[in-house]
Amino acid sequence: MHHHVTTRSSQIKPHGLSSCPILLQNPRLIGALFPIASHRDFHYPILNSKGLEVSLPKYRPNSLSFSKISGDGERLRALGVKEIDVATLGNLCVDIVLNVPELPPKAFEERKAYMERLSKSPPDKKFWEAGGNCNMAIAAARLGLRCLTIGHVGDEIYGHFLTDVLHEEGIDMVGMNEDDDIESSNAAYETLLCWVLVDPLQRHGFCSIVDFSNEPAFGWMRKLSSEVKMAIKRSKILFCNGYGFDELAPGLITSALEYAVEVGTSIFFDPGPRGKSLITGTPEEQKALREYLRMSDVLLLTSEEAESLTGIGNPVLAGQELLRKGVQTKWVIVKMGENGSILITMSSTCCAPAFKVNVVDTVGCGDSFVAAIAFGFIHNLPMIGTLALANAVGAATAMGCGAGRNVATQKRVLELMKVANLNEDNQFWNKLLDESLNGQDVTFLSRTPLNGSYNWLNRVPLQKVMSEILPKLEGAQVMGVKAS
């Protein structure tokens, strides 16, 4: 799962995360998406089969458990409305965050023995945190989206902890168990743990049982249950990342993709560091990766990941290559660290410099970034606005320590955007765009309006972007928002 090392710094430096722009009209959401101006409203409009607006009472429970939804939920289902905003697929785990004198050794056997020593007795609960796709779901819920997670957790202390955290954040979970009679004592069915180890130099090391197996942790799951299919069908977005392959069989992950396409659910895919190994993985893994790269509506990658998948160093050109090879791909978002992020479509490119923040911990930043992309996608924000929001949410998470319940709050995001401290490195952006422009229009996020823009370059001041974003964020009644 996670077996790399990162460095945590307390110095003030720019931090950027990528976001995904959104077309003002999204055909995958027409007829399924109801606009939400404010979560304080008690009714929202939807379109019936004749295109007439119908007002239904809004259902906003603490838990989105399907068994609890009746009445309004059934009426929404009958009308074909997707009342869930985001569903995540797999990658549910508990992070155990510990300070250690030194990071685990790199040698396979020594590393395995190190993890077995750690696992002998449960650490104090104060070191536990929700991890994996829980980060994305929590960040999205704090922005006001209705979220659920699809995956497996065991019937033990870690599984109960994870479901409790999700419930507290207003997020439901749909289990993927095929057999209700499985024994929780069987290690193959237990909740996955990821040991997040921090040495005295504030470097991170990650260690998990999946690092020592060539098979997915939950390889015994071979088909999508009716409950999982219903969850996908009722969701506007299905999010999957490369770490899902550590848990679920490639065939099962592909089945989820195919069903999402069938029922009109938009697909977000972030291959992450696993993308590089999937390219040279088993034939099943390679096939699944190809299908996700072809059929996803939105692809999210770092510049290094984009290069590893395309062989092209320039992130704009790499994004254009992924678009050309895609069947349903509409946006490719490339995250470029402290420089910011870009969104590439077939006809345009959007560029958003990063926000300058005091970086404390980068764990969970990418997950938070995706959550903001989903918010902009669903609320039809302009593309440059979606990028700006995603950069801000990711940067706000970097200002805290750890992920899970420590990801960005809406309050911290708003404060960061109002400060408007952008890392505008004109030399970097000029070089990047000079190498990659091919008659495309470019929209660039700027701290202030500038005179003398080129015909192909549209500079948009952050103040204008904020005027479009802030009413949607401030007007939302977000469950579980925590003050920063």
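This report walks through a predicted model of one protein, from the whole chain down to a few single residues.

**The whole protein**

The protein has 484 residues, and 59% of them are buried. Its secondary structure comes to 15 helices and 20 strands. If you take the contacts with a separation of 6 or more, 78% of them are between residues 24 or more positions apart. The accessible surface comes to about 20100 Å², and carbon and sulfur atoms account for 51% of that.

The average pLDDT is 79, with 77% of the residues scoring at least 70. Among the elements, strand 13 (residues 266-270) has the highest mean pLDDT, at 97, while strand 4 (residues 53-57) has the lowest, at 31. Over residues 3-70 the pLDDT is below 50, although this stretch still has 230 contacts in the model beyond near neighbours in sequence. Residues 477-484 also have a pLDDT below 50, and there the count of such contacts is 28. Where pLDDT is low, the predicted coordinates should not be read in detail.

| Helix | Residues | Length | Span, first to last C-alpha | Expected span |
|---|---|---|---|---|
| Helix 8 | 283-295 | 13 residues | 18 Å | 18 Å |
| Helix 12 | 383-398 | 16 residues | 23 Å | 22 Å |

The span of helix 8 is close to what is expected at 1.5 Å a residue, and the span of helix 12 is close to its expected value too. How many residues of helix 12 are buried? The count is 16 of the 16, so helix 12 is largely enclosed by the rest of the structure. In helix 8, the buried residues are Glu-285, Ala-288, Leu-289, Tyr-292, Leu-293 and Met-295.

**Around helix 8**

Two of those buried residues, Tyr-292 and Leu-293, turn up again in what follows. Take Tyr-292 to begin with. A search of the whole structure finds 10 aromatic pairs. In one of them, the ring centres of Phe-269 and Tyr-292 are 4.9 Å apart and the planes sit at 40°, so the pair counts as tilted. The pair links distant parts of the chain, with Phe-269 in strand 13 and Tyr-292 in helix 8, 23 residues apart. Both Phe-269 and Tyr-292 are buried. Elsewhere, Trp-128, Tyr-158 and Phe-161 form one aromatic cluster.

Thr-329 sits in the loop between helix 10 (315-325) and strand 15 (331-335). Is Thr-329 buried or exposed? With a relative accessible area of 10%, Thr-329 is buried. Its side chain reaches the backbone oxygen of Leu-293 at 3.4 Å, and a polar atom of that side chain lies 3.2 Å from the backbone oxygen of Ser-296. Leaving aside neighbours within four places in sequence, the contacts of Thr-329 are Leu-293, Arg-294, Ser-296, Asp-297, Leu-299 and Leu-323.

Leu-343 lies in strand 16 (residues 340-344). At 0% relative accessibility, Leu-343 counts as buried.

Arg-234 is in the loop between helix 5 (226-233) and strand 12 (235-241). Arg-234 is buried as well, with a relative accessible area of 2%. Which side chain does Arg-234 meet in a polar contact of 2.5 Å? The partner is the side chain of Glu-83.

Finally, a look at backbone angles. Most residues other than glycine have a negative phi. Asn-91 has a positive one, near 55°. You'll find Asn-91 in the loop between strand 5 (84-89) and strand 6 (92-99), where Asn-91 is buried at a relative accessible area of 2%. Ala-420 also has a positive phi, near 60°. Its place is the loop between helix 13 (410-419) and helix 14 (426-436). The relative accessibility of Ala-420 is 17%, and the cut-off for buried is under 20%, so Ala-420 counts as buried.

Terms used
Residues numbered from 1 in each chain as written. Predicted model: local features only at pLDDT ≥ 70, side-chain atom pairs only at ≥ 80, totals over all residues. Heavy atoms only, no water. Helix = DSSP H or I, 4+ residues; strand = E, 2+ residues; numbered from the N terminus. Expected span 1.5 Å × (residues − 1). Buried < 20%, exposed > 50% of the residue type's maximum accessible area, 1.4 Å probe, protein only. pLDDT = per-residue confidence, 0-100. Contact = heavy atoms within 4.5 Å. Polar contact = N/O pair within 3.5 Å; in protein donor to acceptor, adjacent residues only side chain to side chain. Areas by Shrake-Rupley, 256 points an atom, 1.4 Å probe, with all protein chains shown as cover. Phe/Tyr/Trp six-rings, centres within 6.5 Å; stacked < 30°, edge-to-face > 60°.
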